[in-house]
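Thanks for coming, everyone. Please bring up the model on your screens, and I will talk through some of its charged side chains.

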Amino acid sequence: HYQTKKPWYPHELLPWDNLSNKDNKPVIMDQETRKAIASSLYLNVLTEDNLPWYVLNTSKLFGNENEETVWGDWLRQWTAEEDNHSYSLRLLITLNNLMDPKKLEGARMHQMRNAIVPIQACASEGIIYGAMQELAARISYRNLATISEEINGYPILAKIASDENRH
């Protein structure tokens, strides 16, 4: 994983030019596309932001993330990458005025406070769930990237999809 990882930084890939929209008006686009993009980003933010609970559950199945093991090292790297994804998605939503930031933050806090995550009973279920979740995330980000031209989202979403592919 580390040998194929190339560092990237959200500020280099996000559409900062969209900040010129000082009136906070939504980016102009077909309403159906706008709704699809906003809905997908919203769902992905809630998933990515639930990271603490995924780490806790994963640690219970496979061992402590603080141990100096290959597993612990991988889990810490995965945690950092997933946190980067969440941060990037929230900024993309905000920069493009795709939804009310207060509603987004409220939903995030509700999701995290309530620990809404699937619980696997054993390590094999955890491996299967993790593999399917990462694949679904990659497909979601890749598909979202292809329809996000109006919000200049392709660079960041394609990069996140690439990360998910390695998980």
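This is a predicted model: local features need pLDDT of at least 70, side-chain atom pairs count only at pLDDT 80 or more; totals for chains, interfaces and linings use all residues.

Asp163 and Arg166 meet through their side chains in a salt bridge, 3.2 Å from N to O, where a salt bridge is a side-chain nitrogen of Lys or Arg within 4 Å of a carboxyl oxygen of Asp or Glu. Both residues lie in helix H7 (residues 154-166), three residues apart, about one turn of the helix; helices here are DSSP runs of H or I with at least four residues, numbered from the N terminus. Asp163 is buried, at a relative accessible area of 1%, whereas Arg166, at 22%, is partly exposed; buried means under 20%, exposed over 50%, and partly exposed in between, with a 1.4 Å probe and protein chains only.

Residues are numbered from 1 along each chain as its sequence is written, and side-chain values use heavy atoms, with hydrogens and water left out.

The structure holds six salt bridges. One of them joins Arg90 and Asp49 at 3.0 Å, N to O, and because Arg90 lies in helix H4 (residues 70-95) and Asp49 in helix H2 (residues 31-49), the pair ties together parts that are 41 residues apart in sequence. Asp49 counts as buried at 6% relative accessibility, while Arg90, at 21%, counts as partly exposed.

Technical notes. Helices (H or I, at least four residues) and strands (E, at least two) are DSSP runs, numbered from the N terminus.
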